[in-house]
Amino acid sequence: MKKLTEQHHLAIERVLITLTFLLVLSAVLLWQWNRFDSSKVHCYQFKSQAAAQVYYREHPRATWLDIDADGIACESGRVPLDLTPVER
Ligand SMILES: [Ca+2]
């Protein structure tokens, strides 16, 4: 089997760095797209955090309302609060 030269290692390293960069960029773009998708309901649209929590309880796939994945939607929303977590 042929041994890889230092140039081959550098070329492989560049490809891996480029692929990693593209993967991170894709993830960030996808996250931003999901975050600002106008077809979705967002935290600022709820009158209170409790209202967001009711919606989240009824629509547990609305995970963008619970970015930190603790089961509580829109923590920074207005009172009243409903801090009973939704099972995920
Ligand atoms: Ca949360």
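Biologist: What share of the contacts in the protein with a separation of 6 or more comes from residues 24 or more positions apart?
Modeller: That share is 51%. Two residues are in contact if their C-beta atoms, placed from the backbone, lie within 7 Å. This is a predicted model, in which local features need pLDDT of at least 70, side-chain atom pairs count only at pLDDT 80 or more, and totals for chains, interfaces and linings use all residues. Residues are numbered from 1 along each chain as its sequence is written.

Biologist: What makes the protein more spread out than a compact globule?
Modeller: Start with its elements: the protein has two helices and zero strands, where helices (H or I, at least four residues) and strands (E, at least two) are DSSP runs numbered from the N terminus. The radius of gyration, taken over C-alpha atoms, is set against a globule rule of 2.2 Å times the number of residues to the power 0.38. For 88 residues the rule gives 12 Å, and the protein has 21 Å, well over that value, so it is more spread out than a compact globule. Along the principal axes, the C-alpha atoms fill a box of roughly 65 × 25 × 20 Å.

Biologist: Which domains does the assignment give, and where do they run?
Modeller: Domain 1 covers 1-36 and domain 2 covers 40-83; such bounds come from an automatic or database domain assignment. Their C-alpha centres lie 35 Å apart.

Biologist: Why is Cys 74 called buried?
Modeller: A residue is buried if 20 or more other C-beta atoms lie within 10 Å of its own, exposed if 12 or fewer, and partly exposed in between, with C-beta atoms placed from the backbone. Cys 74 has 23 such neighbours, so it counts as buried. It is found in the segment after H2 and has a positive phi of about 50° although it is not a glycine. Of the 88 residues, 14% count as buried.

Biologist: Is Ala 69 buried or exposed, and why?
Modeller: Ala 69 has 9 other C-beta atoms within 10 Å, so it is exposed. Ala 69 also lies in the segment after H2, and its phi is near 55°, a positive value in a residue other than glycine.

Biologist: What makes up the largest nonpolar core?
Modeller: A nonpolar core is a set of buried Ala, Val, Leu, Ile, Met, Phe, Trp, Tyr and Cys residues joined through C-beta atoms within 7 Å. The largest one has eight residues: Phe 46, Ala 52, Tyr 56, Leu 65, Ile 72, Ala 73, Cys 74 and Val 86. Beyond its neighbours within four places in sequence, Ile 72 is in contact with Gln 53, Asp 66, Leu 83 and Pro 85.

Biologist: Why is Trp 31 called exposed?
Modeller: Trp 31 has 12 other C-beta atoms within 10 Å, so it is exposed. Trp 31 lies in helix H1 (residues 6-35).
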